[in-house]
Amino acid sequence: MQFLKQITSNYKPKRLAVKLSAKGEQFVVKGHPWVFSNNIVKINETAKSGDLAIIFSKNKNRVIGLGLYDAHSPIRIKMLHSGIDKVEINATFFIKNIKKAYAKRNSLLKTNTNSYRLLFGENDGFPGLIADVYDTVLVVKLYADIWLPYLESIMTGLQQTSKCKTIVVRLSRNLQQLKSHTLVDGDVLYGTLTNPVVGFVEHGVRFSAHVIKGHKTGYFLDHRANRKQVGLWSKHKTVLDVFSYAGGFSVHALHNGAKEVTSLDISKQALDIAIANGKLNAYSGTHKTIVGDAFEALKALIENKVTYDVVVIDPPSFAKQASEIELAKKKYAQLAALGIQLTAKKGLLVLASCSSRILADDFFAINSKVLNAQNRAHTIALKTLHDTDHPVTFPEGAYLKCGYYRFVN
């Protein structure tokens, strides 16, 4: 494979002998992908990002796991393999894991869908690395420089497995600031990219993603199944899509015959994309937009006694750190209360959360508490978690949850 620029760092990783505290060792034995710095008892003082950490059992002095050392994170070792069986970390190892991840997506790829998450970080054995496919364009998002010494073999494996014609690399803010590499956010590493706005299909509905400047890798693929479900329940309905971003729920609703859809977001630019995405598909309904803060805009709609048959509220993460958890819970409760008032008789209220620090049981409990406090009978139509291409293999890897509440009156 011929890459357009050097993508592997000149640094040759060392092998580090590591011993952990009893607590840290227990996490590794159970297959948890993170080892925090305060759980490391012994390690080479000259360790650098990308070095291979070989973790030895404290008592029996045998290898119990392998990971990559990250000098820039409190999660100091990101695990690649746990167990006493002998494993070599090389191109063959990475390609095997890529193919294993691809196989998990088989059922999704048999639908009319050509956009999917090929690698979901730790959950697919690649901590700090995300790989999304949009038709024939592969977008790899790096969150840690631990991958730089291994990037060429990983990119080769991703391309050969996905058969993509173009590879784009996106970098986290932290990685953009490091001087240990020559990569630039948005670099095209393989093939050609004639247009940074790439068209793709999910369950027969057309969308586009700006793979150079869009959020994350260009689009949010995780809500795909929920977007399809909302679409199926929106025929001949009026729909409000709150925190709509690029109009995922809105476009599915329009495609499935909604008579009127309103996309609400604080970003006019995002709403312009939502309108454009809608026009990629044939629809007969009306697509409206509201630019503004969601909380204030919802209150204004309530004051004007506006209601909708379907209300979808899918906010960004409210709890990015532990100190924000309680405030996040209050915001979810506020949104649920506002959503109830905006949902028409016998209407459907869809409440979602992408805050990993808010557990699914807690989120659904918040919704139930608010709903039960209202003088409106309802049934729980559906509760969903992650789609097929976002498998969860450890507790902290779970973040997405969505509840569908149908009112009786």
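Student: Why is Cys 354 called partly exposed?

Tutor: Happy to start there, keeping in mind that this is a predicted model. Cys 354 has a relative accessibility of 24%. Buried requires under 20% and exposed over 50%, so Cys 354, at 24%, counts as partly exposed.

Student: And what makes Cys 402 count as buried?

Tutor: The relative accessibility of Cys 402 is 0%. The cut-off for buried is under 20%, so Cys 402 counts as buried.

Student: How do you know that the count of disulfides is zero?

Tutor: A disulfide needs two cysteine sulfur atoms within 2.5 Å, and by this rule the count is zero. For Cys 354, the nearest cysteine sulfur belongs to Cys 402, 11 Å away. Looking from Cys 402, the nearest is that of Cys 354, again at 11 Å.

Student: Let's turn to a helix. Which residues of α9 are buried?

Tutor: Helix α9 spans residues 294–303, and its buried residues are Ala 294, Phe 295, Ala 297, Leu 298, Leu 301 and Ile 302.

Student: What puts them on the same side of α9?

Tutor: They cover an arc of only 165° around the axis, and therefore lie on the same side of α9. These buried residues pack against several elements, including β14 (238–242), β17 (308–313) and α10 (325–342).

Student: What makes Asp 293 a cap for the N-terminal end of α9?

Tutor: One of its side-chain oxygens lies 3.2 Å from the backbone nitrogen of Phe 295. A polar contact has to fall within 3.5 Å, and Asp 293 caps that end at 3.2 Å.

Key: Residues numbered from 1 in each chain as written. Predicted model: local features only at pLDDT ≥ 70, side-chain atom pairs only at ≥ 80, totals over all residues. Heavy atoms only, no water. Buried < 20%, exposed > 50% of the residue type's maximum accessible area, 1.4 Å probe, protein only. Helix = DSSP H or I, 4+ residues; strand = E, 2+ residues; numbered from the N terminus. Arc of directions from axis to C-beta. Contact = heavy atoms within 4.5 Å. Polar contact = N/O pair within 3.5 Å; in protein donor to acceptor, adjacent residues only side chain to side chain.
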